[in-house]
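Here is a friendly walk through some of the local details of this assembly. Have the coordinates open and follow along.

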6 protein chains.
Amino acid sequence: MRIKIINPNTTQAMTDGIYRAALSAASPDTEIVAVSPRCGPVSIESWHDEVFAAAGVVEEVHRGEELEGGFDAYITACYGDPGLNPAREVTDKPVVGIAEASMHLATFVGYKFSVVTILPRWKMVMEEVIGRYGLKERCASVRCTPMEVLEFERDPEKGARELYDMSLRAIREDEAEAICLGCAGMVDFAADLQEKLGVPVFDGVTAAVVVAEALVRLNKKTSKNLYYNYPNIKEYTNCPEIISPK
Amino acid sequence: MRIKIINPNTTQAMTDGIYRAALSAASPDTEIVAVSPRCGPVSIESWHDEVFAAAGVVEEVHRGEELEGGFDAYITACYGDPGLNPAREVTDKPVVGIAEASMHLATFVGYKFSVVTILPRWKMVMEEVIGRYGLKERCASVRCTPMEVLEFERDPEKGARELYDMSLRAIREDEAEAICLGCAGMVDFAADLQEKLGVPVFDGVTAAVVVAEALVRLNKKTSKNLYYNYPNIKEYTNCPEIISPK
Amino acid sequence: MRIKIINPNTTQAMTDGIYRAALSAASPDTEIVAVSPRCGPVSIESWHDEVFAAAGVVEEVHRGEELEGGFDAYITACYGDPGLNPAREVTDKPVVGIAEASMHLATFVGYKFSVVTILPRWKMVMEEVIGRYGLKERCASVRCTPMEVLEFERDPEKGARELYDMSLRAIREDEAEAICLGCAGMVDFAADLQEKLGVPVFDGVTAAVVVAEALVRLNKKTSKNLYYNYPNIKEYTNCPEIISPK
Amino acid sequence: MRIKIINPNTTQAMTDGIYRAALSAASPDTEIVAVSPRCGPVSIESWHDEVFAAAGVVEEVHRGEELEGGFDAYITACYGDPGLNPAREVTDKPVVGIAEASMHLATFVGYKFSVVTILPRWKMVMEEVIGRYGLKERCASVRCTPMEVLEFERDPEKGARELYDMSLRAIREDEAEAICLGCAGMVDFAADLQEKLGVPVFDGVTAAVVVAEALVRLNKKTSKNLYYNYPNIKEYTNCPEIISPK
Amino acid sequence: MRIKIINPNTTQAMTDGIYRAALSAASPDTEIVAVSPRCGPVSIESWHDEVFAAAGVVEEVHRGEELEGGFDAYITACYGDPGLNPAREVTDKPVVGIAEASMHLATFVGYKFSVVTILPRWKMVMEEVIGRYGLKERCASVRCTPMEVLEFERDPEKGARELYDMSLRAIREDEAEAICLGCAGMVDFAADLQEKLGVPVFDGVTAAVVVAEALVRLNKKTSKNLYYNYPNIKEYTNCPEIISPK
Amino acid sequence: MRIKIINPNTTQAMTDGIYRAALSAASPDTEIVAVSPRCGPVSIESWHDEVFAAAGVVEEVHRGEELEGGFDAYITACYGDPGLNPAREVTDKPVVGIAEASMHLATFVGYKFSVVTILPRWKMVMEEVIGRYGLKERCASVRCTPMEVLEFERDPEKGARELYDMSLRAIREDEAEAICLGCAGMVDFAADLQEKLGVPVFDGVTAAVVVAEALVRLNKKTSKNLYYNYPNIKEYTNCPEIISPK
């Protein structure tokens with residue numbers, strides 16, 4: 001099985017971390033390819049960052065389908081799940097978002113989960129995806145740290161401390177029974193936090209890998225019946241050839 | 001990995017079918033044990049059937065934990081997911097319902113799914129679980145056939161025809177992009193239906209197996225933080241010793 | 001008029017208290033019968049307790065219908081309303097839950113009510129029944145005390161103090177205008193609390209009695225049109241004869 | 001016990017019918033007083049009719065409290081429940097709306113109820129009250145007949161036929177298990193319809209009487225804690241003295 | 001263009017302030033007429049005040065249509081939008097509520113808005129209109145001051161201070177990005193507050209004027225297709241001739 | 001006042017039509033500038049088209065702010081409102097979507113509106129924006145024609161016929177009281193349809209122009225308090241200089 005993971009930002013160090021995390025969760029016979037789009041923001045912390053990153057994600061799915069021999073599944077690895085719907089139109093292979101995967105899985109081991117994530121403005125992106133996945137009633141809270149995406153790499157000790165503190169508040173004050181870490185760059189903190197907090201702590205990347213593998217093993221493909229059908233054929237003026245619907 | 005699947009009804013032929021389906025989806029190194037409770041209804045088609053079946057499910061989880069050396073995960077294999085919440089209180093291993101697993105997975109490959117199921121009165125049980133899982137907006141419809149649970153085994157040709165007809169109506173009239181088969185006894189119809197309908201068709205048993213395996217591989221256990229904590233120790237008057245919270 | 005009240009737990013002292021409370025609210029010509037199931041938990045504080053208690057409730061309705069000459073109405077007297085839906089399938093007489101009765105009535109005298117109840121883990125059971133009855137927007141809050149069910153009988157002074165404190169917080173901080181006491185064992189505290197707090201305080205048992213009487217006087221029976229129809233006839237393996245649907 | 005029923009329209013024949021219906025449901029020791037406001041529409045079929053009728057209802061509650069020696073409860077007897085909230089501010093006695101009473105009671109004997117009512121434009125008034133009472137998920141449908149309020153009195157045979165036809169469609173097509181008759185002028189059709197349809201059929205007036213009696217017997221009064229507190233004292237320019245908050 | 005603004009209370013000083021505010025927002029060629037009903041409360045702070053004020057609003061729309069040569073639009077200028085639905089039945093010209101106008105506009109410049117308003121009991125009126133307009137998810141909070149309507153005119157310094165303090169709390173604690181001032185009498189505070197708070201602050205009167213002008217310029221009239229159709233012709237017993245539907 | 005309207009697709013003929021429509025609705029002293037992005041799809045009919053169009057919209061707002069001397073407001077003129085949230089982060093001037101503007105305005109003249117739009121797959125995009133604006137309860141239906149965006153220009157007679165037929169079905173079968181035309185390319189059909197159907201018919205472009213003017217006249221700017229704050233400064237790898245947050 002071959003899975004292509006697209007880190008929607010262009011920071012190679014994060015792509016590398018995502019690759020390692022994915023490998024650690026994948027079955028031995030699964031091949032992981034992890035890439036960043038050729039253009040886009042170095043991190044994703046606003047709707048502005050998201051819209052350009054989403055375009056990059058979609059282009060990478062096109063590239064996977066048309067130039068790289070196809071994959072069995074695709075993963076978009078930013079916790080706002082940018083480009084998820086358009087990416088599903090491009091391919092009939094499963095496309096899995098890391099927020100989506102971790103939040104759905106969290107509901108199997110805790111009645112309520114909290115998302116612990118980056119800057120306060122990210123909360124609204126979270127509320128929109130939680131709403132789209134139908135998990136509003138199961139989400140105890142979205143707790144923001146005062147940290148930017150790349151700060152978690154630059155200062156992992158501070159990152160660990162902030163994530164622990166906010167998770168603890170979610171558990172004690174919001175009735176959270178499980179924690180979802182709301183950024184692909186938090187993958188290295190999950191195991192340690194789970195041990196310290198004593199509740200399940202989900203990282204999105206590993207969650208998306210096991211969900212993607214599950215869908216492939218069940219032989220499920222993205223439905224082309226209606227909303228995820230291939231985009232209508234048309235010209236994309238002044239755009240890279242690869243993204244024009246053909 | 002060892003998974004105990006509990007068919008909440010007492011019809012051994014269904015338990016056998018569930019066992020075969022589970023095996024077909026499980027990883028090679030996963031051991032599947034499939035049982036029926038020692039007492040309860042031969043099929044589950046009402047709240048009345050459910051309440052007694054749920055008690056049986058919980059007793060079997062107790063048995064798994066206390067008498068059978070423990071399992072890595074448990075699955076409750078009736079599409080109303082009877083006993084799911086109390087079973088999660090009994091163990092810290094993941095407990096997965098087949099409705100829950102298939103519905104969540106369906107949202108990854110279709111924006112809207114429909115449940116195609118047994119008798120009309122089952123629709124309300126479906127609406128309650130769909131509401132609990134937060135998937136109301138993602139569910140296109142619940143379509144009932146006029147068939148009882150055991151009829152699908154007695155007359156599989158009729159069963160296949162009814163499931164196909166209702167699925168087609170869900171796809172054409174309700175905008176369903178994926179189908180969830182709403183009974184553990186429909187497991188043998190899924191592959192064929194998927195091919196004929198051209199959209200993903202989910203059977204609950206196989207979906208639950210891959211979700212349970214995914215949770216175990218991610219090292220996630222049922223949170224004991226609050227709502228799924230072990231039941232308070234107390235006496236159960238005139239009840240089998242095994243079920244009294246200790 | 002004859003009403004059978006089923007205390008879903010097996011603590012006779014609670015059944016006695018429920019009987020006295022019911023009598024106090026009933027019309028002079030109403031005969032009250034109060035029982036506990038022959039088996040089940042001594043108190044109900046988790047989903048685990050609920051599922052076994054629910055089975056006991058349903059068995060007692062069967063017994064009422066088939067062995068005891070029938071009743072004009074049934075009441076299930078635990079504040080999680082266990083067994084309510086299956087009990088309604090068994091009989092065409094009204095079946096009333098104490099949570100359901102008190103919450104609906106509370107909305108007639110206060111725009112928002114709060115439930116003041118037992119241990120924190122009971123909150124989720126409350127949220128599920130409140131959701132089922134459609135009263136989420138009318139519920140100001142669910143406030144838990146740190147007390148177990150049977151503690152209210154063992155230490156009524158502490159019970160009165162905790163209920164008063166939590167009710168006051170609901171009134172002052174949550175905008176509650178009426179209080180629902182969330183346990184059948186709190187029946188003796190209601191009148192005193194109402195006087196001290198100056199807002200309506202509902203006990204479930206007396207609320208259920210007047211609602212049951214109201215339904216009987218209006219000549220309303222449980223609809224057998226669809227979801228509450230009698231359970232389909234089938235075998236219940238190794239179960240007491242009384243519960244098999246005939 | 002003394003209950004004042006206010007028919008919000010000024011058609012005396014309807015007030016008389018409401019009085020007879022109320023008497024038939026009331027306990028022997030309950031005194032019923034039924035009135036129409038001194039001014040207002042002869043029937044209520046729009047928001048326009050409602051707003052003037054509501055003013056009349058509130059004035060009649062003032063009159064009851066200040067000039068007529070007080071009552072134990074008040075009932076507003078138009079199925080849009082006009083004036084219910086302001087009436088509750090005027091008195092600390094329970095005030096019960098007929099829509100509110102019948103809809104809440106219907107949920108005890110059927111999972112879903114339908115309202116069968118007058119002209120199509122009334123549907124939106126129904127949707128607003130159903131929303132306010134939290135019963136949207138429990139309401140199967142609102143079915144309108146093509147008949148005006150007073151037509152049911154002028155041509156009862158046509159009225160009976162239309163109500164039967166629409167109720168049957170609600171039962172067969174919308175999964176209704178109980179019927180609520182959505183106009184105080186339909187009170188005489190309920191018993192016959194219930195017999196013919198074989199499901200519980202609720203008339204609002206009798207439902208409100210038993211609910212009002214239940215609240216009085218439980219010694220519950222309208223909460224003055226916040227939203228139903230007495231209106232602030234102020235001048236009402238050019239208004240009848242009786243309605244100025246004092 | 002001629003717009004008639006109806007201040008639903010009878011305090012002429014407020015009507016004058018509303019007139020001035022409306023003029024300041026209106027296009028140069030728009031004629032503003034501002035009136036109070038001939039009878040009704042001097043301020044609106046409860047459902048009781050609202051029901052009588054609403055009748056006055058509707059009467060003034062009748063007067064506008066039948067005696068004053070018609071207007072291009074009507075505005076109801078109390079923040080509970082009393083009489084809005086019945087007023088729309090009376091005319092085919094747009095009728096705009098000040099709460100409605102300001103809340104809808106606020107969503108264009110802030111993801112979440114808060115309403116800062118009068119006494120705590122007004123909060124429920126706010127929640128009902130917010131629900132009716134569909135803006136619950138976009139409303140960060142309703143914050144009440146301890147001040148009555150007319151107090152804002154009597155003590156504007158205190159008014160300014162309270163509005164500033166509560167707005168600041170909404171911004172800092174509730175994530176409000178825009179403020180809606182929840183009373184027509186707060187119109188003079190808006191500009192100053194907007195400057196001090198650094199977020200958009202909406203006054204209802206000016207918002208309603210620009211929305212009314214926009215609808216007129218787009219040649220939109222109140223739909224007579226169903227729910228806002230003219231009221232059915234009927235007698236209004238003992239009522240002013242002007243309000244009887246003809 | 002200067003308003004920049006961005007047609008998110010690259011079909012100049014549509015941009016020209018949008019310009020003419022905007023001019024017809026704008027005040028005499030408003031200057032309208034209408035553009036298409038320099039790259040992107042020739043029409044927008046899927047999430048795929050939307051994601052690339054959204055990037056183009058945001059780039060044009062940057063261009064307006066940084067290279068074109070600023071505008072008083074921006075309008076995004078595709079009925080999925082692509083790029084609305086990120087565009088609001090880029091500027092403190094109001095940014096108005098055409099779907100958003102027309103839907104909100106429609107609620108002032110009809111209790112329920114329907115959207116009549118292009119191909120069936122566009123329905124889900126509509127449901128997402130309707131949900132985001134909070135207007136789900138006010139939306140009677142989304143009715144799709146079998147026509148592509150550009151077909152309305154190629155065959156306007158067919159376009160007019162399809163829009164009329166679908167609007168009529170919305171009015172008769174779905175209780176729609178107002179119609180919103182769900183594509184910027186339908187602007188020329190609105191006046192004629194409104195006349196023929198006898199209910200208000202909203203075109204998005206003209207609605208957005210009057211809303212944008214209203215916000216500017218009220219001196220409202222996009223809140224920079226939280227979710228619409230300027231994007232964090234960062235590098236956008238291999239992206240046009242204009243879009244990097246500075």
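Is E:Tyr111 buried or exposed? E:Tyr111 is buried, since its relative accessible area is 5%, and buried here stands for anything under 20%. Please keep in mind throughout that this is a predicted model.

E:Tyr111, where we started, forms an aromatic pair with F:Tyr228 that is tilted, at 6.2 Å centre to centre and 50° between the planes. That pair crosses between chains as well, going from the loop between α4 (98–106) and β6 (113–117) of chain E to the loop between α9 (204–217) and β10 (236–237) of chain F. F:Tyr228 counts as buried because its relative accessibility is 0%, under the 20% cut-off. Ring pairs also link E:Tyr111 and F:Tyr228 with A:Trp47 and F:Tyr227 into a cluster.

**Charges over rings**

| Charged residue | Ring | Distance to ring centre |
|---|---|---|
| B:Arg138 | B:Tyr111 | 4.2 Å |
| F:Lys224 | F:Tyr230 | 4.1 Å |

B:Tyr111 and B:Arg138 turn up again around A:Arg132, which touches both of them along with A:Asn85 and F:Glu128, leaving aside residues up to four places away in sequence. A:Arg132 lies in helix α5 (residues 122–133) of chain A. With 24% relative accessibility, A:Arg132 counts as partly exposed. Its C-alpha atom is separated by 17 Å from that of A:Ala77, 55 residues apart along the chain.

Helix α2 (residues 47–66) of chain F has 20 residues and reaches 28 Å from its first C-alpha to its last, close to the 28 Å expected at 1.5 Å a residue. Of its 20 residues, 17 are buried, so α2(F) is largely enclosed by the rest of the structure. The N-terminal end of α2(F) is capped by F:Ser46, which has a side-chain oxygen 3.3 Å from the backbone nitrogen of F:His48.

How many residues of chain F are in contact with chain A? There are 46 residues of chain F in contact with 46 residues of chain A. Between them the two chains bury about 3,900 Å², with 58% of it on carbon and sulfur atoms. F:His48, F:Arg121 and F:Tyr227 supply 20% of the area that chain F buries against chain A, more than any other three residues.

No contact joins chain A and chain D, and their closest C-alpha atoms lie 16 Å apart. Chain C and chain F do not touch either, with 16 Å between their nearest C-alpha atoms.

**A buried threonine in chain C**

C:Thr76 is in strand β4 (residues 73–76) of chain C. At 1% relative accessibility, C:Thr76 counts as buried. Its side chain reaches the backbone oxygen of C:Pro82 at 3.2 Å. Leaving out residues up to four places away in sequence, C:Thr76 touches several residues, including C:Ile6, C:Val57, C:Leu84 and C:Ile98.

**Two positive phi values**

Most residues other than glycine have a negative phi. A:Asp81 has a positive phi, near 50°. A:Asp81 is found in the loop between β4 (73–76) and α3 (84–90) of chain A, and is buried, with a relative accessible area of 3%.

The phi of B:Glu175 is also positive, near 70°. B:Glu175 sits in the loop between α7 (156–173) and β8 (178–181) of chain B. B:Glu175 is partly exposed, having a relative accessible area of 21%.

Conventions
Residues numbered from 1 in each chain as written. Chains lettered and ligands numbered in written order. Predicted model: local features only at pLDDT ≥ 70, side-chain atom pairs only at ≥ 80, totals over all residues. Heavy atoms only, no water. Helix = DSSP H or I, 4+ residues; strand = E, 2+ residues; numbered from the N terminus. Expected span 1.5 Å × (residues − 1). Buried < 20%, exposed > 50% of the residue type's maximum accessible area, 1.4 Å probe, protein only. Polar contact = N/O pair within 3.5 Å; in protein donor to acceptor, adjacent residues only side chain to side chain. Phe/Tyr/Trp six-rings, centres within 6.5 Å; stacked < 30°, edge-to-face > 60°. Lys NZ or Arg CZ within 6 Å of the ring centre and 35° of its normal. Contact = heavy atoms within 4.5 Å. Buried area = accessible area lost by both parts, 1.4 Å probe.
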